Every structure is written in C-alpha cells, then in structure tokens.
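Colleague: I would like to go through this chain with you. Please tie each label to its cut-off.

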Amino acid sequence: TPWEAALGASIEVPTLDGTVKMTIPANASQGQRLRLKGRGLPGKTPGDQYVTLSVIVPKAVTDEQKQAYKTMSELWSMNPRAKDGGIS
C-alpha cells in the first residue's frame with residue numbers, strides 16, 4: 001500500500017522454503033528490488049531471492065477517501081512525470 005511504501009513495513013513474503021518476514025524500508029518505490037539473501041534456489045550455497053515491490057493504490061470511493069487524496073495532493077508538490085520524480 002502507499003502508506004507501507006512511505007512509512008516502511010514488515011510483510012510476509014513466500015519463498016521456496018516457506019514464508020519469511022521482510023522489512024520494507026521507508027520511502028520505498030514502485031518497482032524497487034529487494035534481496036532476500038540465501039532464500040533463493042537451494043544448493044551448496046543457497047541463492048538469493050529478489051522481490052520487486054508493487055505499490056497498489058486503493059480506489060477513492062467515499063467522499064472521505066477522496067478528501068484524503070486531495071489533502072495529500074496539497075501537502076506534496078510533485079510532478080511524477082519529471083525525470084527525478086519531481087518531489088520537492
């Protein structure tokens with residue numbers, strides 16, 4: 001979720017050897033790759049598993065949810081189409 005990406009979170013991630021807890025760092029981005037060392041293909045030296053973050057943006061259905069997005073747009077001056085993300 002956007003708040004987990006912005007604030008950081010601890011989530012469960014499936015691996016070849018079962019589910020593990022993974023820490024998402026604060027200010028994570030859509031498409032960011034994180035490594036789970038030793039959780040990939042088994043072997044003499046187990047491989048690493050890479051997790052690509054997918055930030056799912058919830059739909060604003062209620063007036064309160066729409067207002068929350070409006071408030072966010074007023075708090076951040078941002079041009080997502082700028083080369084550097086345009087965050088100021």
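Predicted model: local features only at pLDDT ≥ 70, side-chain atom pairs only at ≥ 80, totals over all residues.

Colleague: How do you know what confidence the chain has?

Modeller: We use pLDDT, the predictor's confidence in each residue, from 0 to 100. The chain averages 92, and 94% of the residues score at least 70.

Colleague: What makes up the chain, in helices and strands?

Modeller: There are 2 helices and 4 strands. Their order from the N terminus is α-β-β-β-β-α. Helices (H or I, at least four residues) and strands (E, at least two) are DSSP runs, numbered from the N terminus.

Colleague: How does the radius of gyration of the chain stand against that of a compact globule?

Modeller: The radius is taken over C-alpha atoms, and the globule rule is 2.2 Å times the number of residues to the power 0.38. For 88 residues, a compact globule would have a value near 12 Å, but the chain has 17 Å. The C-alpha trace spans about 55 × 30 × 15 Å along its principal axes.

Colleague: Why are Asp48 and Arg35 called a salt bridge?

Modeller: The term needs a side-chain nitrogen of Lys or Arg within 4 Å of a carboxyl oxygen of Asp or Glu. Here the N to O distance is 3.1 Å, so the pair qualifies. Asp48 sits in the loop between β3 (33-36) and β4 (49-52), and Arg35 is in strand β3, 13 residues apart.

Colleague: Is Asp48 buried, exposed or partly exposed, and why?

Modeller: Buried means under 20% relative accessible area, exposed over 50%, and partly exposed in between (1.4 Å probe, protein chains only). Asp48 has 29%, so it is partly exposed. Arg35, at 46%, is partly exposed too.

Colleague: How many salt bridges does the whole structure hold?

Modeller: The search finds 2. Glu74 and Lys70 also meet in one, at 2.7 Å, N to O. They are 4 residues apart in helix α2 (residues 63-75), which means about one helical turn separates them. Glu74 is exposed because its relative accessible area is 54%. Lys70 has 44%, so it counts as partly exposed.

Colleague: Why is Thr15 called buried?

Modeller: Its relative accessible area is 14%, so it falls under the cut-off. Thr15 is found in strand β1 (residues 9-15).

Colleague: Which residues is Thr15 in contact with, leaving aside its neighbours within four places in sequence?

Modeller: Contact means heavy atoms within 4.5 Å. By that test, Thr15 touches Val20, Leu36, Arg39 and Gln49.

Colleague: What makes up the largest nonpolar core?

Modeller: A nonpolar core is a set of buried Ala, Val, Leu, Ile, Met, Phe, Trp, Tyr and Cys residues joined through side-chain atoms within 4.5 Å. The largest has 9 residues, among them Val13, Met22, Ala28 and Leu53. β2 (18-24) and β3 each supply at least two residues. The largest share, 3 residues, comes from β2.

Colleague: How much of the chain is buried?

Modeller: Buried residues make up 17% of the 88 residues.

Conventions
Residues numbered from 1 in each chain as written. Heavy atoms only, no water.
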